[in-house]
Amino acid sequence: MAAGAFPLLLGLALTFLESRRDVQRELDATARIILRHAENISEHAWRTVDTLKRLDHQGGGCESLERDLQRIGSIRTYFRSIGLTHGPDVFCSSAFGPMTEPLADVIQRELPSLGRWPLSVAGTTAVRERPAVVFADLAHEVGAYTIVDGQYLTDFMRAIGEPRGYYMTIVIGDGHPVSQGAPPQDTHPLFSPLSDGASSPRISVGVTAPESESVRAWWRVFTAFLPLAAILSALCMMAAAYWLRRKMSYRDEIRRGIARREFSVQYQPIYDIQAGRCGGVEALLRWQRADGRWERPDVFIAAAEAEHMIIPLTRHLFELVAADMAQWQAPRGFHVAVNVAAEHLQGPTFVADVRRLAAQIATQGPRITLELTERSLISDRKEVVRALQTLRAEGVDIALDDFGTGHCAMSYLQAFPLDFLKIDRGFVNAIESLDGDAPVLDAIIALSKRLALRTVAEGVETAIQFAYLKRQGVLHVQGYLYARPMSSDALARWLPTRGCEPLSSTGHLA
Ligand SMILES: Nc1nc2c(ncn2[C@@H]2O[C@@H]3COP(=O)(O)O[C@H]4[C@@H](O)[C@H](n5cnc6c(=O)[nH]c(N)nc65)O[C@@H]4COP(=O)(O)O[C@H]3[C@H]2O)c(=O)[nH]1
């Protein structure tokens, strides 16, 4: 369920962000369109002002110009009135004819200055309740002005922004805002109103979208995403179910494999160079499925570790080893090495589990060697050291496996009670000839001598490797040169015959 909800929640968040961007883009586009429209009107108004200033003022009075003003005012769109001025005073208007009235009174506010300026105003004397925009070019001699009715701007804004509930304003010069729509209230915790704007040197436009617009945009984007979210949810749920089934089934399969006795143990002999005979074996777990397939040990061991099945599996290994050992006679001082995983080593049953194995094989007399990897020693040092010391005191040997491949190996050598150091086959592979150089291997051997640890070289495959290791004072070798892992029955036959023979320096059993 949680896996299925994930794409939906992610979709909610992403579509929310996308819809906010959408609204912002629309606001930006709307602000630009309004600005463009205001600029068009403004250009038109300035052209008219220039035309008025070019009229023939020879007579100096309004009478000769009044008709021209009325004609221009009526054939050109947008204008509430147009007029001519002397300094700051209107002396001729298209609406009232000859007059003498300060322009400031007409537009009901102070004039910015003489000269050329546009200004949005709340109203004029003729139409007080409706905003307007004044475009004036005032001079000490004759000047001119046009008054554009604000309705042209508000109508345009309504047409473009009303369907979305936008609140829009245009401010021209430092004038009064010409607005359309109701200012949005910020009450929603998620969808606060969004704003955008556009401006040119004298005109600035602001557009604000209400919360409802954000909600609407989000719903639109989300419903478009919904089919994809449904498919993703279904896929996630299927993947999670598959993963759970695999996880459950692998755990179940190991459990079933134990119950059906699909696991067995192979034993790989370890050669004792000083004694000139087999000194012990490493127990290696094997899994043959009911259909005959063999699982690779590195794969199923890693899976058992990952799925917390390694402890029951190792206990099962101990039982199999105990049962196998009852079938063959091991010589005195013979070692049986078993691999122990970190989880088991750090678990509360570890000491008891090893003691049980020791008790089961006590009559056959071999020593148990626990093979630990550097990885398994990483945490819980004190507990692990205590457990190992307890078992060591009871006759169990401790080997550090795959030495040199993990982390912090050097500190482990001092911190943990160890008897054997197993040199990883990677270092053994480095031996190419008897006279050649294997500096890391030599250093490991020298180090283990200094620490009074017995060495076991793993993965010895050639006579040259064997001779080199023997010359360097390595005490035990394990590898295909001496013997491959074999079944318990094969080992029972092998031990009294080949197991008692020395390995010659040519790598052949005598
Ligand atoms: N190329 C080459 N390989 C050689 C040679 N001699 C021995 N080997 C292989 O090297 C591995 C030695 O075991 P490991 O280092 O403990 O490495 C073991 C060990 O870490 C783990 N493993 C096996 N059985 C158990 C078990 O019962 N419990 C736990 N925890 N791990 C196990 O699986 C790993 C792989 O086991 P295997 O496949 O049996 O592989 C074995 C063995 O078959 C050689 O001359 N050349």
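Which helix holds aspartate 489? Aspartate 489 lies in helix 15, which spans residues 488–494. The model is predicted. Aspartate 489 has a relative accessible area of 52%, so this residue counts as exposed, the cut-off being over 50%. Tyrosine 267 is 222 residues away from aspartate 489 along the chain. Their C-alpha atoms are separated by 10.0 Å.

The largest pocket has a volume of about 1200 Å³. Its lining is made of 35 residues. Closest to the centre are Glu282, Leu284, Pro297, Asn339 and Asp401. By residue class, the lining of the largest pocket divides into 14 nonpolar, 13 charged and eight polar.

The second largest pocket has a volume of about 270 Å³. Here 23 residues form the lining. Gly279, Gly280, His335, Phe420 and His476 lie nearest the centre of this pocket. Strand 12 gives the most to the lining, with four residues. Other elements that each supply at least two residues include strand 11 (263–272), strand 17 (420–423) and strand 18 (454–457). The lining of the second largest pocket holds 10 nonpolar, seven polar and six charged residues.

Next, the cysteines. How many disulfides does the count come to? The count comes to one disulfide. Cysteine 62 and cysteine 92 form it, with their sulfur atoms 2.0 Å apart. The torsion about their S-S bond is about 60°, so the disulfide is right-handed. Cysteine 62 sits in the loop between helix 1 (2–53) and helix 2 (63–75), while cysteine 92 belongs to strand 2 (residues 89–93). The pair therefore ties together parts that are 30 residues apart in sequence. Both cysteine 62 and cysteine 92 are buried.

Cysteine 278 is in no disulfide. The nearest cysteine sulfur belongs to cysteine 500 and is 8.5 Å away. A disulfide requires sulfur atoms within 2.5 Å. Is cysteine 278 buried or exposed? Cysteine 278 counts as buried because its relative accessibility is 3%, and buried means under 20%. Cysteine 236 counts as partly exposed, at 27% relative accessibility.

Definitions and conventions:
Residues numbered from 1 in each chain as written. Predicted model: local features only at pLDDT ≥ 70, side-chain atom pairs only at ≥ 80, totals over all residues. Heavy atoms only, no water. 1 Å grid on protein atoms, 1.4 Å probe; cavity = no way out; pocket = protein on both sides within 12 Å on 5 of 7 lines; lining within 4 Å. Points joined across faces, edges and corners; volume = space filled by probe spheres on them. Nonpolar A, V, L, I, M, F, W, Y, C, P; charged D, E, K, R; others polar. Buried < 20%, exposed > 50% of the residue type's maximum accessible area, 1.4 Å probe, protein only.
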